[in-house]
Amino acid sequence: MDIRRVAVLGAGRLGRGIAENAASKGYDVILFSHGAGGKEALARIEKSLDRKLAKWGITDAEKRLILNRIEYTQDLRELSKADLLVEATLDHLDVKYELLRTADQLCRRDVYFLSATSTLKVSDLAKEINRSDMLVGLHFIPPVPDVAVAELVRGVRTSDEAVEVAKAFAARLGKQVVEIEESQGLVNPRALVAMINEAAYLLDEGVCEAKDAELIFRESWGMKQGPLEMADRLGLDLVLNWMEQLQMVFGPRYAPCPLLRRYVRQGRLGVKSRLGFLAYTEDDAVVTEDEGDKED
Amino acid sequence: MNIFVLNCGSSSLKYKLYAMENEKVLAEGKVERIGQDNAVITHQSTGKEKVSKTMPILEHTIAIQECLNLLTHSEHGVLKSVNEIDAVGHRVVHGGESFSDSVLINERTKEILDSLAELAPLHNPANVMGIRAAEKIMPKTPQVAVFDTAFHSTIPPHAHLYAVPYTIYQRYKVRRYGFHGTSHKYVSQRAAELMGRNIEDLKIISCHLGNGASITAIEGGKSIDTSMGFTPLEGLMMGTRSGNIDPGALFYIMRKEDLNLQQIDSMLNKHSGLLGIAGVSDMRDIEKGVEEDDKMCKMAFDMYEYRIRKYIGSYVAAMNGVDAIVFTAGIGENTPALRTRLISKLPYLGITIDEEKNKLRGQDVEISTPDSRVKVFVIPTDEELVIARDTAEIVS
């Protein structure tokens, strides 16, 4: 089947990233979200494209073309137009099950489903839908348009055809696909949250300030961002959610650092609230002063 | 003999049908927006009304089939059957070191072409897609590939190698390949014809100045140096491409602006050249700006002209003289003011321009005066004709 229109469920950072990436590679995209703030999705994608424009990565004409390919909707019936579905909602089991069941009813029977879940099992998600052989786990890593690798997971019933569809889609998005065994947390999220948690302990114990930890991480391992900035960009609530899910599976080694819980309780969620481990400007850039370190 | 010439891009294609007995164009057309529901086909058979239609065309095979349907259409066409096409000539951008001339396509050729995709990722895959699509529809018709780089295969090593560790050339074949070869070949041969001289006795500098621009030194009918290099980014200032820049400046810019490879690539290819300096990439807008005394348009025009002049000077040195300078392609053919300025700055070559002839458009014209020591021509390029000629020669 010729895939031209891709439905992306979820307009968080991951969903927006997948939508932007797919549109920039020529796909038409239906970006769906229930949630409050979803309406801002297009504006945030435009902001992301503006940053690329400011760095000469795209032209103004390319920006307009990409935006024109993305249609935002809160109407699930729009899914009937899709040739491929990518689920990128938060890893809340009940919400995800419900959404997948609805999508299963609304999408054409020949449409394959990809789930970008980080902490849930594809085999479990597949139980909820009739097309369980057509569901593949394909975990994109934010910022999706810039990260050239994706993790692929087969569920128990996933067919070879479905895997081929997922691989072809990921390849067109410019990703190297690494197939791994089904395991909650995959490779990237598991390693990342462990690193974030340890960095949070460094702050909580007063070993160093956030900006200094970031500098050491970045320069030691050639990283663009250290784990604290990565956490802020993912959203500290999401990181906490991942850790809690992984703690249930793997036990205390994924117990969240108290500082992380405290920040989430305080609404200090990272870039989206302008303050997390670090502080952020309106343009989502890190504030260079030290405000990010100080707890309110 | 009827030759069907195809130039396939990733989402468009252009075609011309030639009767080679008299090199007459029987029909021509293009398909735009391939891959979309609203693709547009425009077709015109010589002497007949132009037709245009919008329809879903999802891939190149369908696009080519539609073109053939129009060529054999009872009202708009010129052929009774597709069998009247004797061969298909394909434009292929990059032939690498494997192809120094046009070639009949077979399985081995296609394998090599696939392996060359890395050298011209924006063009070669689309060209090969066109070849496969045409083969599918016309499996018994011979297909010929004509390469943009082939004409430059005669450039000697001292001019095509870069002064970097030689292992880089050995490992990855990084060297000057040059582009627009089919155009440089056509206009230089045509200039020799217009001069009534054997091209083997001539030193010619051809300036292909379109949105992409390159300049070639042609000695005895052979390219001995050209301004574009491993990629079409080197050399002259272009519409949106920087042309030559100190590689050291790039590292500095990347550090200062925190740019990655994709961003610096895009900056140099899409945000630079005339656009980068003046904010507009079209030479007509630059000329308008110059008339209105716009400072940055004047700067862009000066830079553009100066860089061509430097190349002409260096190629005069490379060939120890020049008999003719040829201008072609959009800017080369349609910007008399640029030619006037350029030539006025080359008095040491003994060139004088006939300003009336310099204003003529759309035809082969010698714009230098009869007593000019170096002849100057404006020759509209015809790459499709060269492709048709090469194809006819190979299949004959």
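## Contacts and confidence

Two residues are in contact if their C-beta atoms, placed from the backbone, lie within 7 Å. Take the contacts in chain A between residues at least 6 apart in sequence: 68% of them join residues at least 24 apart.

This is a predicted model, where local features need pLDDT of at least 70, side-chain atom pairs count only at pLDDT 80 or more, and totals for chains, interfaces and linings use all residues. Residues are numbered from 1 along each chain as its sequence is written, while chains are lettered from A and ligands numbered from 1 in the order in which they are written. The pLDDT is the predictor's confidence in each residue, from 0 to 100. Chain A averages 92, and 96% of its residues score at least 70. Over residues 291-296 of chain A the pLDDT is below 50; this stretch has 12 contacts in the model beyond near neighbours in sequence.

## Chain A as a whole

Chain A has 11 helices and eight strands. Helices (H or I, at least four residues) and strands (E, at least two) are DSSP runs, numbered from the N terminus. The radius of gyration of chain A is 19 Å, close to the 19 Å that the globule rule gives for 296 residues, so chain A is as compact as a globular protein of that length. This radius is taken over C-alpha atoms, and the rule is 2.2 Å times the number of residues to the power 0.38.

The C-alpha trace of chain A spans about 55 × 50 × 35 Å along its principal axes. Of the 296 residues, 47% are buried. A residue is buried if 20 or more other C-beta atoms, placed from the backbone, lie within 10 Å of its own, exposed if 12 or fewer, and partly exposed in between.

## Two domains in chain A

Chain A is divided into domain 1 (5-180) and domain 2 (188-293). Such bounds come from an automatic or database domain assignment. The C-alpha centres of these two domains of chain A are 25 Å apart. Nine residues from domain 1 and 10 residues from domain 2 make the contact.

## A covered strand

Strand S7 (residues 149-154) of chain A is mostly covered, with five of its six residues buried. Two strands pair if DSSP finds at least two bridges between them. S7(A) pairs with strand S6 (residues 135-140) of chain A in the antiparallel sense over five bridges. Here His139(A) stands opposite Glu151(A). S7(A) also runs parallel to strand S8 (residues 176-180) of chain A, joined by five bridges. In that pair, Val153(A) stands opposite Ile180(A).

## Chain B

The assignment for chain B gives domain 1 (2-147) and domain 2 (197-378). Their C-alpha centres lie 30 Å apart. Chain B also has an open sheet of six strands, in the order S11-S10-S9-S12-S14-S13, with mixed pairing. Strands S11 (222-226) and S13 (365-366) of chain B stand at the edges, each with a single partner strand, so one side of each is left without a neighbour in the sheet. Strands S9 (residues 203-209) and S10 (residues 213-219) of chain B pair in the antiparallel sense over seven bridges. Ile205(B) has Ala217(B) as its bridge partner in S10(B).

Helix H7 (residues 247-257) of chain B has 11 residues and zero of them buried, so H7(B) lies largely in the open. Asp258(B) follows H7(B), with a positive phi near 50 degrees.

## Where the chains touch

The contact between the chains takes nine residues from chain B and six residues from chain A. On the chain B side, helix H8 (residues 261-270) gives the most, with five residues.
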